[in-house]
Amino acid sequence: MDADRRAYAVWVSEIMLQQTQVATVIDYYNRWMQKWPTLQALAQASLEEVNELWAGLGYYSRGKRLQEAARKVVSELAGQMPRTAEDLQKLLPGVGRYTAGAIASISYGQATGVVDGNVIRVLCRLRCIGADSSSPAVVNRLWDMANALVDRSRPGDFNQALMELGATVCVPKAPLCGECPVKQHCRARSRVEKELAFASQKLFGKPTPVPDVEDCGVGGCPLCPPAVEPWDSSLGVTNFPRKAAKKQLRAVRTATCVLERRGCRGAPEYLIVQRPSSGLLAGLWEFPSLTLAQDLQEEKQREALADHLHAWTGQPVAARSLRLIGEVIHIFSHIHQTYVVYSLPLDRDVTLDPALSPSRWVTEEEFHASAVSTAMKKVLKAHEKQRGKESSPGKGSKRKRGAKTQGAGSTCPGTQLSLRAFLQAQTAP
């Protein structure tokens, strides 16, 4: 495999692995590389195709930026990938410092470090860095360390080994310290041993030794744990790294309606509309939806959604005709999203206004093949679950044992006759 093709494969995998587990990515990566094995092939694809393949992977802007960058390489860089981390980050949209370092070291042999979540954990434990690992002082120190440590002769192998160490041995919880190949250099492990020794001496009434000046932990060191967060002996080496407190998710409520009609073959079809080309879930398809004001009463929700649907159906929609299915919760990286799901079966055709956002009717199979988010798949699942409850027979409708269903002369297509009725039908004059 030539260097540029290798760089493209590394690039795709690293972008997909951002905020996403390896087990989830494998199938997406294989399908992507099968469909677009080269940068040139990806550059010729449509954004709709990219979104369809990316659907369900989350953080959808990643796929869009990946394609934009591929087109830039083809149209502006003569199809040649930048070969240094600095140029990769500067010239390609969506390529940050980590991704640039990974591509440059693994594909082109540049002696540059990488810092991802796994590397952060390994280095923070190796050097007992207990300050917030997302703070500028810690981030800069970690990059300095990564660049100093990288093997100049095999930078790609070294970086992948360091990331693998964090993914398999120096894991967030219950790390396998006994199996760690660098345990003798680990200051976090040394700190655990010292804390145990201090606790033992205190238990037997012996004076606690003065801390070693190399242990730091005093003063205003930007790399040490804050004084308000004392050492937790139950955590051991997992005292490191410290993470900043999670920001509270922004709560958003959205009314969404599953508009349903009968297709030409009797199967249900659903109306989906395309989201704007920028912002959250840009360019994806969804059921007609409307963001709601917080604490809006259910009756007002119906009225607002009915007015919104008027534009799509081309006819007035009575609020009372909307059937409440329930609520569907979906958590985005920064949003706690609640979908208030309604359904509206249509018994006559409607004319869609081409001046509005792109829209189309789809079957269930076409829906799942479209570029729709996981949240919308949850909405359809809730709708189908409710419909299943309504269509299932009640207790009083169960047929009694031995009751007759069809006479011998029935001609209903697809009905299986009893053996007696079949023989009678064959011998009838």
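How many residues does helix 9 have, and what does its reach from first C-alpha to last come to? Helix 9 (residues 136–149) has 14 residues and reaches 20 Å, close to the 20 Å expected at 1.5 Å a residue. The expected span is 1.5 Å times one less than the number of residues. Helices here are DSSP runs (H or I, at least four residues), numbered from the N terminus.

This is a predicted model, in which local features need pLDDT of at least 70 and side-chain atom pairs count only at pLDDT 80 or more, while totals for chains, interfaces and linings use all residues. Residues are numbered from 1 along each chain as its sequence is written, and side-chain values use heavy atoms, with hydrogens and water left out.

In helix 9, the buried residues are Val-138, Leu-142, Trp-143, Met-145 and Ala-146. They lie on the same side of helix 9, because they cover an arc of only 160° around the axis. That arc is taken from the directions from the helix axis to the C-beta atoms. Buried means under 20% relative accessible area, exposed means over 50%, and partly exposed lies in between (1.4 Å probe, protein chains only). Pro-136, Asp-144 and Ala-148 are exposed, on the face of helix 9 turned away from its buried side. The cover over the buried residues of helix 9 includes helix 7 and helix 8.

Helix 10 (residues 155–168) also has its span listed. With 14 residues, helix 10 reaches 20 Å from its first C-alpha to its last, close to the 20 Å expected at 1.5 Å a residue. Its buried residues are Pro-155, Gly-156, Asn-159, Leu-162, Met-163, Leu-165 and Gly-166. What do these buried residues of helix 10 pack against? They pack against helix 7 (97–108) and helix 8 (117–126).

The loop between helix 8 and helix 9 holds Ser-133. Ser-133 counts as buried, at 12% relative accessibility. Beyond its neighbours within four places in sequence, Ser-133 is in contact (heavy atoms within 4.5 Å) with Ile-120, Cys-124, Val-138, Val-139, Pro-241, Arg-242 and Lys-243.

## Helix 1

Helix 1 spans residues 3–17 and includes Leu-17. Val-10 lies in helix 1 too. Is Val-10 buried or exposed? Val-10 is buried, with a relative accessible area of 5%. Val-10 and Ile-103 are 93 residues apart in sequence, yet 6.1 Å apart in space, C-alpha to C-alpha. Leaving aside neighbours within four places in sequence, Val-10 is in contact with Ala-102, Ile-103, Ile-106 and Ser-107.

Leu-17 is partly exposed, with a relative accessible area of 31%. Leu-17, Val-22 and Ile-26 form a nonpolar patch on the surface, with about 240 Å² of accessible area together. Patch members have over 30% relative accessible area and no salt bridge; like charges are joined within 9 Å, and nonpolar side chains (Val, Leu, Ile, Met, Phe, Trp, Tyr) within 5 Å. Accessible areas come from the Shrake-Rupley method with a 1.4 Å probe, and for residues only the protein chains shown count as cover.

Asp-4 is another residue of helix 1. Asp-4 is buried, at 14% relative accessible area. Apart from neighbours within four places in sequence, Asp-4 is in contact with Gly-79, Gln-80, Met-81, Arg-83 and Tyr-108.

## Salt bridges

The structure holds eleven salt bridges. A salt bridge is a side-chain nitrogen of Lys or Arg within 4 Å of a carboxyl oxygen of Asp or Glu. Among them are these:

| Asp-4 | Arg-83 | 3.4 Å |

Asp-4 forms its salt bridge with Arg-83 at 3.4 Å between the closest N and O atoms. This pair links distant parts of the chain, 79 residues apart: Asp-4 is in helix 1, and Arg-83 is in the loop between helix 5 (61–76) and helix 6 (85–91). Arg-83 is partly exposed, with a relative accessible area of 44%.

Asp-157 counts as partly exposed, at 40% relative accessibility.

Why are Glu-303 and Lys-300 separated by about one helical turn? They are three residues apart in helix 12 (residues 298–313). An α-helix has 3.6 residues a turn, so residues three or four places apart point the same way. Glu-303 is partly exposed at 33% relative accessibility. Lys-300 is partly exposed at 46%.

Note on methods
Helices (H or I, at least four residues) and strands (E, at least two) are DSSP runs, numbered from the N terminus.
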